[in-house]
Amino acid sequence: MKKWLSYILLSALLISTLPFSMARAEEDGCSGKLTANGNQINVSLSVPQAVKENITSLHFKLNVSVSGGTMEEPAFQFADAIQSEVKDCKIIKNNDSYIVDVILSGKKEQIIFPVRVQADIGMVLLKPSSSDYKITTQFIGITGETPTLEYVTDSGQSAKEAPLMNTESLIIEKSSQGQSPGGYVPPATKKPDASASPSAEPSTSPSTGPSITATPNVSPSPSPSSTPDVTEKPSSFNQKGKISLSVKAAKGSRVVTFKWNTVRGADGYMIYSALGKSGKYKRIKTVSKQKTTTCNVTMAYASSYSFRMRAYKQSDNGTKVYGQYSKAKNLTTAPAKVTGVKARISGKSIKLSWKKVKNAKGYQIYAGKKKNGRYTLVKTLKKGTSLKLAIKKYKKYKYFKVRAYVDNTSKKHVYGNFSKVVKAK
């Protein structure tokens with residue numbers, strides 16, 4: 001893996017330069033969250049409060065250590081929804097632990113926190129190699145012991161370091177003796193108080209705050225087509241509560257806005273997408289607040305999707321209970337904006353050309369007599385990226401612009417944004 005400095009230089013070439021400063025020291029911090037699903041640990045981060053610009057590059061580290069049993073080298077899998085030019089992770093052996101060094105570095109439009117809240121970065125895949133084990137995962141500092149991360153915005157050249165506030169270590173533990181049905185191993189030296197609730201309490205780490213103990217043998221989150229296998233059904237969670245989901249995207253945009261109703265007792269919601277109407281669903285977003293009812297997710301250009309979502313309730317040991325899926329909603333994102341348009345007068349013709357747009361089904365060419373005046377559709381082109389117009393017919397038209405289109409699942413055109421207006425010369 002290349003050094004972090006090399007990625008900062010890469011980001012500097014991809015983004016504009018403008019210095020900015022943090023408002024207050026207490027606003028510099030952001031939060032990191034680790035949640036367990038069996039031996040998979042989801043890693044999510046929040047945007048630093050004081051940052052008002054889009055973050056396009058990110059660098060953070062995790063430490064995975066084994067205090068009981070044995071394990072093989074862990075792996076890291078990036079979330080599918082993360083759009084970045086560079087996705088790199090280096091696993092470094094450090095005595096009885098491993099350092100997971102993660103780097104994302106993207107272009108200006110590749111925003112890591114598109115909705116300026118929490119972003120799922122990826123998953124740490126643990127690989128225990130013994131029947132009994134105890135594995136701890138936690139955020140660590142870039143240069144010191146205090147948990148921190150480094151980031152670059154779309155208007156900055158140098159990396160900024162921010163503290164990771166209120167982070168918690170996560171313990172995955174399995175024992176052949178005394179294991180409860182949910183997979184939590186109660187401390188051997190502590191007897192439960194007769195007056196206290198029998199549910200397990202999280203252990204405490206003096207350096208990074210309370211840790212969360214989760215079972216290593218919980219089945220992964222089921223796919224949307226299957227029924228979750230649950231052993232715990234909190235009475236406060238309305239598992240049968242239906243979600244009414246709506247999805248839309250602004251004209252010419254690939255940013256999808258999701259809106260839904262709250263479900264009583266839920267801890268959050270999960271959004272899934274599939275390509276077309278029959279593709280395999282994948283989780284693209286986890287909203288970890290029960291009262292949140294809207295969010296945005298940046299999808300690929302010129303692509304047809306089917307979206308579904310469901311609510312969940314998380315127990316103290318990290319297992320999740322899922323509610324019903326919403327009805328599927330279909331949406332096709334717009335193609336990218338046409339670039340590289342040229343209009344040249346050659347003899348008795350005006351020759352137009354432009355760069356090909358990925359996945360575009362065709363193009364519309366408009367002509368205008370004035371740059372900021374009314375434009376007329378002169379041609380819908382289904383093939384090619386060039387067009388020749390007779391000057392005799394279009395001698396009064398001097399300005400041209402082009403847009404691409406794709407067809408949605410109903411065979412209706414979805415248009416991208418217009419190119420820049422060019423003048424025929």
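The dialogue below goes through several features of this predicted model, one at a time.

Q: What is the mean pLDDT of the protein chain, and where does the pLDDT fall below 50?
A: Where pLDDT is low, the predicted coordinates should not be read in detail. In this model the mean pLDDT of the protein chain is 79, and 76% of its residues reach 70 or more. Over residues 9–27 the pLDDT is below 50, and this stretch has 38 contacts in the model beyond near neighbours in sequence. The pLDDT is also below 50 over residues 178–235, a stretch with 98 contacts beyond near neighbours in sequence.

Q: How many helices and strands does the secondary structure of the protein chain come to?
A: The protein chain has two helices and 30 strands. Of its 425 residues, 48% count as buried. Among the contacts in the chain with a separation of 6 or more, 69% are between residues 24 or more positions apart.

Q: How many aromatic pairs does the structure hold, and at what angle are the ring planes of phenylalanine 76 and phenylalanine 78?
A: The structure holds 10 aromatic pairs. For phenylalanine 76 and phenylalanine 78, the ring centres are 5.1 Å apart and the planes lie at 75°, so the pair is edge-to-face, because planes over 60 degrees apart are classed in that way. Elsewhere, Phe258, Tyr305 and Phe307 form one aromatic cluster.

Q: Which charged residues lie over the rings of tyrosine 98 and tyrosine 281?
A: Lysine 93 lies over the face of tyrosine 98, at 5.2 Å from the ring centre. In the case of tyrosine 281, the charged end of arginine 308 sits over the ring, 5.4 Å from its centre.

Q: What is the order of strands in the open sheet of three strands, and which are its edge strands?
A: The order is β23-β24-β27, with antiparallel pairing. The edge strands, each of which pairs on one side only, are β23 (342–346) and β27 (386–390), and the twist averages 20° from one strand to the next. Five bridges join β23 to β24, residues 349–353, and these two strands run antiparallel; across them, alanine 343 stands opposite leucine 352 in β24.

Q: Where does serine 236 lie, and which residues does it touch?
A: Serine 236 lies in the loop between β14 (212–214) and β15 (246–249), and at 37% relative accessibility it counts as partly exposed. Leaving aside residues up to four places away in sequence, serine 236 touches Arg264, Gly265 and Lys313. Although serine 236 and glycine 265 are 29 residues apart along the chain, their C-alpha atoms are separated by 5.2 Å.

Methods
Residues numbered from 1 in each chain as written. Predicted model: local features only at pLDDT ≥ 70, side-chain atom pairs only at ≥ 80, totals over all residues. Heavy atoms only, no water. pLDDT = per-residue confidence, 0-100. Contact = heavy atoms within 4.5 Å. Phe/Tyr/Trp six-rings, centres within 6.5 Å; stacked < 30°, edge-to-face > 60°. Lys NZ or Arg CZ within 6 Å of the ring centre and 35° of its normal. Pairing = 2+ DSSP bridges. Helix = DSSP H or I, 4+ residues; strand = E, 2+ residues; numbered from the N terminus. Axes fitted to C-alpha atoms, helices over the stretch in contact; angles between N-to-C directions. Buried < 20%, exposed > 50% of the residue type's maximum accessible area, 1.4 Å probe, protein only.
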